[in-house]
Amino acid sequence: MVPELASRAHQQQIVPVVEMALKKAGVEKKDLSAIAFTLGPGLLGSLLVGTSFAKSMAMGLDIPIITVNHMKGHVLSHFIDEPKPQFPFLCLTVSGGHTQLVLVNDYLKMEVLGSTIDDAAGEAFDKAAKMMGLKYPGGPLVDKYAKEGDPHKFTFAQPKVPKWNYSFSGLKTSILYYLQKQVAENPDFIKENLYDLCASVQYTIIEILTKPLEKIMKEQGLSSLAIAGGVSANSGLRKRIQEMGEKNGWEIFIPKFEYCTDNAAMIATSAHYQYLQNDFADFDCVPKARYPI
Ligand code: KG4
Ligand code: ZN
C-alpha cells in the first residue's frame with residue numbers, strides 16, 4: 001500500500017462513488033438525515049479526504065455528522081444482515097492493520113482483550129506473499145494457492161506471547177531466513193514449492209490466530225464467536241473457526257465475503273446505531289491514524 005497513491009485515489013473517486021451510491025440506493029441528497037464517515041484508524045491522507053468531503057457535504061445540507069471507528073465497523077459487519085449475534089460475543093478482528101480480540105457487550109460497547117504487539121495478521125499474509133514474489137495484497141493469493149498445497153510440508157516459528165496477545169514478526173523472519181537459505185541452493189525453490197509454501201504459511205497463521213480462543217471463551221464465559229476483517233475472508237480460517245464452534249458448542253458468525261474486507265455498509269451500520277443514540281460529532285473533529293475502540 002502506497003499512502004500517497006491511496007489518498008489520490010480517494011480524491012479521484014469520492015465524488016463519483018457518493019453519487020453512484022445515492023443513485024443505487026434511490027435516495028436524494030435532500031432526504032439524508034446525517035453524514036457518517038470513518039475518523040480512524042487508518043492512513044491519514046485517505047481519512048482526510050473522507051473527513052473533509054463529509055463535513056462539506058453535511059454543512060451544505062445543514063445536517064449533522066457521525067464519526068465512525070473503522071474497527072468497530074468491522075465488528076458491526078455482523079449486523080448488516082441476518083443472522084445477527086446476541087450480546088455478549090467475542091470477535092476476532094483480523095485485517096491488514098489490526099489483529100484484535102474484542103469483547104462485544106453491545107452495538108457500541110466494546111473492549112479489546114488482546115491484540116498484536118507487532119504485525120497484523122493481514123500484514124503477515126501480505127509480507128509472506130511478497131517474499132514469494134506474489135503481488136499486493138497477497139492474502140487472497142496465498143489462500144488460493146494454499147488450497148492446492150500441503151500445510152504440513154514446511155514448519156515455521158510460532159511465537160510465545162503473554163496472555164491474549166499476538167505476534168507475527170517472528171514468523172515473518174522465520175519465513176524470510178528459510179526462503180533465503182533454500183533459494184541460495186536452488187533459485188527455483190519458491191516456484192517449485194509455491195503451493196506447499198502458501199499452505200504452510202496459512203496453516204501457521206491460522207494456528208497462531210486460533211490458539212488463545214478456547215481459553216479466552218472459557219475464561220470470559222462466552223458461547224458466541226465471530227470473525228471480521230479482511231483476513232476473515234480466508235477459507236482456511238473460516239473452516240477452522242467453524243470446526244472449533246462444532247467442537248466446543250459455540251455459535252459461530254462468519255461474515256459474507258463482501259463484508260469481510262473494507263466496505264461502506266459496515267460503516268453505515270455503525271452510524272445507524274450511533275444515530276439512534278444521538279452520537280453526533282463536532283465539525284472541528286480531525287481524523288486519527290490511531291483510534292482505539
Ligand atoms: O479489513 P481489510 O480489507 O483492510 C484493513 O482494514 O486493513 O483487510 C485487508 C487485508 C489484507 O492484508 C489482505 O491481504 C487480507 O485482508 N485478506 C486476506 C484474504 N482476503 C483479504 N488474507 C488472507 N486470505 C484472504 N482470502
Ligand atoms: Zn478494514
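Predicted model: local features only at pLDDT ≥ 70, side-chain atom pairs only at ≥ 80, totals over all residues.
Residues are numbered from 1 along each chain as its sequence is written, and chains are lettered from A and ligands numbered from 1 in the order in which they are written. Local features need pLDDT of at least 70, side-chain atom pairs count only at pLDDT 80 or more, and totals for chains, interfaces and linings use all residues, while side-chain values use heavy atoms, with hydrogens and water left out.

Helix H3 (residues 70-76) holds both His-70 and His-74, which are 4 residues apart, about one turn of the helix. Helices (H or I, at least four residues) are DSSP runs, numbered from the N terminus. His-70 is buried, with a relative accessible area of 14%, and His-74 is buried at 0%; buried means under 20% relative accessible area (1.4 Å probe, protein chains only).

Elsewhere, the axes of H5 (residues 139-146) and H7 (residues 189-210) come within 8 Å and cross at roughly 110°. Axes are lines fitted to C-alpha atoms, for helices over the stretch in contact, with angles from 0 to 180 degrees between N-to-C directions. H5 and H7 are therefore roughly perpendicular to each other, a term for angles of 65 to 115 degrees. In H5, Val-142, Asp-143, Tyr-145 and Ala-146 meet Leu-194, Tyr-195, Cys-198, Ala-199 and Gln-202 of H7, where contact means heavy atoms within 4.5 Å.

Definitions and conventions
Helix = DSSP H or I, 4+ residues; strand = E, 2+ residues; numbered from the N terminus. Parallel < 35°, antiparallel > 145°, perpendicular 65-115°, else oblique. Buried < 20%, exposed > 50% of the residue type's maximum accessible area, 1.4 Å probe, protein only.
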